[in-house]
Amino acid sequence: MDGQVKVAVIYYSATGITYQMAQAACEAAGEAGAEVRLRKVRELAPEEAIRSNSGWHAHRLETQDVPEVQLDDLSWADVLIFGSPTRYGMIAAQLKQFIDSSGPLWAQGALADKVYTGFCSTATAHGGQEATLLSLYTVFYHWGGIVVTPGYTDPSQFVAGNPYGASHTSNNGETAPDDVALTATALTARRAVQVAARLLRGATG
């Protein structure tokens, strides 16, 4: 790590819920002094499936100018913040496919010693939020990463109630992230930047 902390917020979102949380993460990281990249993962679903859901199709058009993530974004960043909707207690296949492409960087040790964290959303309450985050963090352990969570480090977390990362229940995509979810997302991002900054000062001090 050298100079300004660099943050990549990497997400998958079908109808925009996780995208809104990604935006909150970017804003908080920027306010904490980081240089930030927002990157979406490549869509894998067929065109007919996307067009069959008006919200999905509309969101794809809304975010068509958001750059797709490349492996270079992993190399560039000091902090990597991943966001995903939950699929059976795990991250979405689209994000998993991108992670699976990171093997060459992992083999070089290029993903070690970076700061990692995450956020997620579910359609229903108790829909696998904690399991999704924990399964995501397993990847970071394999990479040799430094996992930073919000914990209960702020009074707002006693309302949000998820110490593993930010999460939100969307009621099948009908409920946008509220202040509780967005505050938790911002805290998650801010803590990751703060820890990375301390590591940076230790490396250069």
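This is a predicted model: local features need pLDDT of at least 70, side-chain atom pairs count only at pLDDT 80 or more; totals for chains, interfaces and linings use all residues.
Tyr-137 and Phe-140 both belong to helix α7, where they stand 3 residues apart, about one turn of the helix.

A pair of aromatic rings is described by two values, namely the distance of the centres and the angle of the planes. For Tyr-137 and Phe-140 the distance is 5.7 Å centre to centre and the angle between the planes is 35°, and this aromatic pair is tilted. Tyr-137 has a relative accessible area of 2%, and because buried means under 20%, this residue counts as buried. Phe-140, at 0% relative accessibility, is buried by the same cut-off.

## A stacked pair between strand and helix

The structure holds 8 aromatic pairs. In one of them, the ring centres of Tyr-116 and Phe-140 are 4.6 Å apart and the planes meet at 20°; since planes under 30 degrees apart count as stacked, this pair is stacked.

Which parts of the chain does the pair of Tyr-116 and Phe-140 tie together? Tyr-116 lies in strand β5, which covers residues 115-122, whereas Phe-140 lies in helix α7, which covers residues 129-143, so the pair ties together parts that are 24 residues apart in sequence. Both Tyr-116 and Phe-140 are buried.

His-126 has a phi near 60°, which is a positive value in a residue other than glycine. This residue is found in the loop between β5 and α7, the strand and the helix that carry Tyr-116 and Phe-140 respectively. Is His-126 buried or exposed? Its relative accessibility is 85%, and because exposed means over 50%, His-126 counts as exposed.

Asn-171 likewise has a positive phi in a residue other than glycine, with a value near 55°. Asn-171 lies in the loop between β7 (166-169) and α9 (179-204). With a relative accessibility of 42%, which falls between the cut-offs of 20% and 50%, Asn-171 counts as partly exposed.

Methods: Residues are numbered from 1 along each chain as its sequence is written. Side-chain values use heavy atoms; hydrogens and water are left out. Rings of Phe, Tyr and Trp (its six-membered ring) pair if their centres lie within 6.5 Å; planes under 30 degrees apart count as stacked, over 60 as edge-to-face and the rest as tilted. Helices (H or I, at least four residues) and strands (E, at least two) are DSSP runs, numbered from the N terminus. Buried means under 20% relative accessible area, exposed over 50%, partly exposed in between (1.4 Å probe, protein chains only).
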